[in-house]
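Biologist: Could we go through this chain together, one question at a time? I would like each answer to finish on the value or name I ask for.

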Amino acid sequence: AAIALARRGGRVVLTGIPGQATTADPVAIVGGRLTVTGVFGAPPAAWTYAVRLFAADLLDPGPLITHELDLAEFGRALELSRGARDDVGKVLLRP
């Protein structure tokens with residue numbers, strides 16, 4: 001939808017990882033003279049800051065984890081992560 005709504009010569013930034021495969025219309029991108037950029041992650045300083053918060057018990061990721069599975073259930077973890085279900089947040093694999 002972002003590609004279809006962008007103005008001619010505009011910029012579209014795709015962030016994160018979609019829950020399911022999506023397609024983009026190459027004619028709309030080329031014909032609209034769009035710049036499409038993918039972004040995932042954060043700069044190293046942000047990761048360092050987050051790790052320090054975890055270590056100081058100031059940041060609790062617990063509420064983000066909706067499923068905990070044994071490593072042997074890796075396949076099921078992928079299925080949960082790939083689906084577009086509202087009840088699935090982060091899936092934690094335990095060794």
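Biologist: Where is A1 found, and is A1 buried or exposed?
Modeller: A1 belongs to the segment before α1, which covers residues 2-5, where helices (H or I, at least four residues) and strands (E, at least two) are DSSP runs numbered from the N terminus. Buried means under 20% relative accessible area, exposed means over 50%, and partly exposed lies in between, with a 1.4 Å probe and protein chains only. Because the relative accessibility of A1 is 83%, A1 counts as exposed.

Biologist: Before we continue, what kind of model is this, and how are its residues numbered?
Modeller: Residues are numbered from 1 along each chain as its sequence is written, and side-chain values use heavy atoms, with hydrogens and water left out. This is a predicted model, in which local features need pLDDT of at least 70 and side-chain atom pairs count only at pLDDT 80 or more, while totals for chains, interfaces and linings use all residues.

Biologist: How far apart in space are A1 and A45?
Modeller: Along the sequence, A1 and A45 are 44 residues apart. From C-alpha to C-alpha, their separation in space is 32 Å.

Biologist: In which order do the helices and strands run?
Modeller: The chain holds 4 helices and 4 strands. Read from the N terminus on, their order is α-β-α-β-α-β-α-β.

Biologist: What radius of gyration does the chain have?
Modeller: The radius is taken over C-alpha atoms, and the globule rule is 2.2 Å times the number of residues to the power 0.38. The C-alpha atoms fill a box of roughly 50 × 30 × 20 Å along the principal axes. For a compact globule of 95 residues the radius would be near 12 Å, but the chain has 18 Å.

Biologist: What percentage of the residues in the chain is buried?
Modeller: The chain has 95 residues in total. Of these, the buried residues make up 13%.

Biologist: What does helix α3 reach from its first C-alpha to its last?
Modeller: Helix α3 has 12 residues, namely residues 44-55. The expected span is 1.5 Å times one less than the number of residues in a helix. This gives an expected 16 Å for α3, and close to that value is what the helix reaches, 17 Å.

Biologist: Where does R33 lie, and what is its relative accessible area?
Modeller: R33, a residue other than glycine, has a positive phi near 55 degrees. R33 lies in the loop between α2 (26-31) and β2 (35-39). R33 is exposed, and its relative accessible area is 59%.

Biologist: What distance separates the C-alpha atoms of G62 and K90?
Modeller: G62 has its place in the loop between α3 and β3, and counts as partly exposed because its relative accessibility is 34%. Along the chain, G62 and K90 are 28 residues apart, while their C-alpha atoms are separated by 9.4 Å.
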